[in-house]
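I opened my notebook to follow the strands of this chain. I wanted to know how they pair.

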Amino acid sequence: MYKDMLPIGSVVLLKGGDKRIMICGRIQAKDGENAIYDYSACYYPEGIIDAPSMFFFNRDAIETVYFMGFQDKEEMDFRHNVLDTLGELEIRNGQILPKEKGTEDDI
């Protein structure tokens, strides 16, 4: 489900967007919402200005990838050992956790 995610620092344009943004988080939840997004991002080149200027989106919202973020052994290990192995996730008690099998969707 989370295979082949873009690395932190990647610069993208979202569908319908007119300004590029830079990915600064993966597998994120927006405060006060019970949704899990593939990415969080900030304006490029400005960076994180404040919380309201953050973007939360899923990979299908990306129109163009302008720059692929930094990738080294640590990033590749993280992708292989963590991101590639994640199954379904849910929000419980304000935290992103593996979805419990056999329970109703509380989100």
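I began with the rule I needed: two strands pair if DSSP finds at least two bridges between them. I also noted that this is a predicted model.

Entry one, S3 and S4. I looked up strand S3, residues 36-43, and strand S4, residues 55-57. They pair in the antiparallel sense, with three bridges between them. I then checked how covered S3 is, and found seven of its eight residues buried.

Entry two, S2 and S3. How many bridges join S2 to S3? I counted seven, and the two strands run antiparallel. Ile 23 sits opposite Ala 41 in S3. The two strands make a hairpin with six residues between them. There I found Gly 32 with a positive phi near 85°.

I went to S1, residues 11-14, and S2, residues 21-29. Two bridges join these antiparallel strands. Val 11 faces Met 22 in S2. This is a hairpin too, with six residues between S1 and S2. In its turn, Gly 16 has a positive phi of about 80°.

Entry four, S1 and S5. I found four bridges from S1 to S5, residues 62-67, and the run is antiparallel. Here Val 11 stands opposite Phe 67.

Key: Residues are numbered from 1 along each chain as its sequence is written. This is a predicted model: local features need pLDDT of at least 70, side-chain atom pairs count only at pLDDT 80 or more; totals for chains, interfaces and linings use all residues. Side-chain values use heavy atoms; hydrogens and water are left out. Buried means under 20% relative accessible area, exposed over 50%, partly exposed in between (1.4 Å probe, protein chains only).
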